[in-house]
Amino acid sequence: MINIVDKTSCCGCSACASVCPKQCINMEGDNEGFLYPHVDKDTCIDCGLCEKVCNELNPMAPREPLQVLAAINKNEKIRLKSSSGGIFYVLASKIISEGGVVFGARFDENWQVLIDYAEDMESVKAFMGSKYVQARIENAYKDVKYFLIKGRKVLFSGTPCQVAGLHQFLRKQFDNLLTVDFICHGIPSPKVWQMYLDEIFGCYKRMKSVSFRDKTRGWQNYHFRIEYDDNENATMLLSPATQNQYMRAFLSDLILRPSCSFCVAKSGSSRSDITLADFWGIWNENPQMYDNKGTSMIFINTDKGRLVLPSEEIVKYDKSDYSTALKYNRVCKVSVSPNSKRDLFFLKLKTTESVTRLIEKTLKPPFMQLCIINTKLLIRRLIKLEWGR
């Protein structure tokens with residue numbers, strides 16, 4: 001029987017709930033908004049399947065990629081709508097064209113995130129773009145198994161822990177399954193996201209679209225964007241990611257799941273066929289692959305992953321290596337450290353009237369640190385003035 005004593009040892013992948021033959025495990029939210037398995041002990045038959053498929057209890061061995069590539073989708077429209085180089089869309093297109101099914105993360109009617117499937121490219125568009133909220137699995141693993149047994153090709157995309165959870169759930173290899181994960185910084189709280197939306201918008205029906213990584217002002221200088229209706233007039237909230245309260249909380253590791261600081265699905269141990277990421281630092285390593293519109297980094301982890309690579313007619317490639325990848329994307333191997341104020345933030349979240357003010361207050365540097373920062377800024381300005389004479 002699965003029993004979560006330490007919350008750092010549960011990633012919320014839902015493999016245990018999905019595999020339970022008696023359906024006696026429910027994923028329930030805690031006071032931080034993260035889902036954890038809860039067992040109905042009266043219904044449980046102690047079959048042990050939930051423990052067998054738990055990736056936290058049975059982590060898979062790490063591995064290095066077979067090949068590392070820099071990649072750019074030559075379709076500029078698709079690349080602009082993608083978080084980085086637009087490679088996921090091309091992979092999905094191949095699977096759909098062969099009569100397959102694509103799984104990915106989309107927003108639901110309340111702008112929370114869940115894993116769903118698509119059987120046409122129009123539906124795949126909902127999976128495009130990063131979504132910095134933990135996605136609910138619900139029936140996704142069971143649906144994947146159903147399509148696989150039917151003989152259809154399946155592309156499953158998700159976080160490393162979700163891909164690992166799928167492999168543990170399936171408990172066997174399928175030639176018609178392609179798994180794609182991404183280098184994951186960590187997964188933020190759905191509760192904090194909901195509170196942020198409630199405070200900023202109130203009514204979800206006003207919202208039309210959300211982009212955590214809008215690139216209209218550049219890939220490096222990405223913005224947080226929400227389009228919505230204000231008194232029947234279309235309008236937009238657009239702010240640099242470094243200034244938006246929710247994005248600041250995410251990027252400062254303030255609102256991440258406890259297990260993200262002890263992730264066992266890193267270093268290729270998710271067993272994905274392909275790993276996608278932003279190729280940060282490409283402007284230093286290979287300026288010919290950089291135009292500030294987005295460049296993907298691709299880890300080819302298996303021969304299956306190598307075989308589905310799009311042709312050079314569709315995607316521009318250049319070779320790289322794992323050491324370069326680690327140089328700019330350490331989180332593919334190393335877990336993030338929790339923010340020192342994380343526990344205090346979630347304690348105050350229970351009674352706060354404004355999550356945005358709480359984020360601002362929590363992330364505000366201490367007085368002495370502010371003095372040091374302001375002193376450095378003053379010195380720089382004085383130096384500039386002196387040189388300008």
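1. Glu138 has a relative accessible area of 45%, so this residue is partly exposed. The model is a predicted one. Glu138 sits in the loop that links helix 5 (121–124) with helix 6 (140–149). Its phi is positive, near 50 degrees, and Glu138 is not a glycine. Check the backbone here against the loop course.

2. Ser14 also deserves a look. Phi of Ser14 is positive at about 75 degrees, again in a residue that is not a glycine. Ser14 belongs to the segment before helix 1 (15–19). Its relative accessibility is 7%, and Ser14 therefore counts as buried, the cut-off for buried being under 20%.

3. Next, the hairpin. Strand 1 (residues 25–29) pairs with strand 2 (residues 35–39) through 5 bridges, in the antiparallel sense. Asn26 faces His38 of strand 2 across the pairing. Between the two strands lie 5 residues, and in this hairpin Gly33 adopts a positive phi near 95 degrees.

4. Ser157 stands opposite Val180, a residue of strand 7.

5. How do helix 8 and helix 13 pack, and at what angle? Two packed helices are described by the angle between their axes and by the distance between those axes. For helix 8 (residues 190–200) and helix 13 (residues 342–349), the angle is about 55 degrees and the axes are 12 Å apart. The two helices are therefore oblique to each other. The crossing of helix 8 past helix 13 is left-handed.

6. Which residues meet where helix 8 packs on helix 13? Helix 8 brings Lys191, Val192 and Met195. Helix 13 brings Phe345, Phe346 and Leu349. By class, this contact has 5 nonpolar residues, 1 charged residue and no polar ones.

Key:
Residues numbered from 1 in each chain as written. Predicted model: local features only at pLDDT ≥ 70, side-chain atom pairs only at ≥ 80, totals over all residues. Heavy atoms only, no water. Axes fitted to C-alpha atoms, helices over the stretch in contact; angles between N-to-C directions. Helix = DSSP H or I, 4+ residues; strand = E, 2+ residues; numbered from the N terminus. Parallel < 35°, antiparallel > 145°, perpendicular 65-115°, else oblique. Left-handed = near helix turned anticlockwise from the far one by under 90°. Contact = heavy atoms within 4.5 Å. Nonpolar A, V, L, I, M, F, W, Y, C, P; charged D, E, K, R; others polar. Pairing = 2+ DSSP bridges. Buried < 20%, exposed > 50% of the residue type's maximum accessible area, 1.4 Å probe, protein only.
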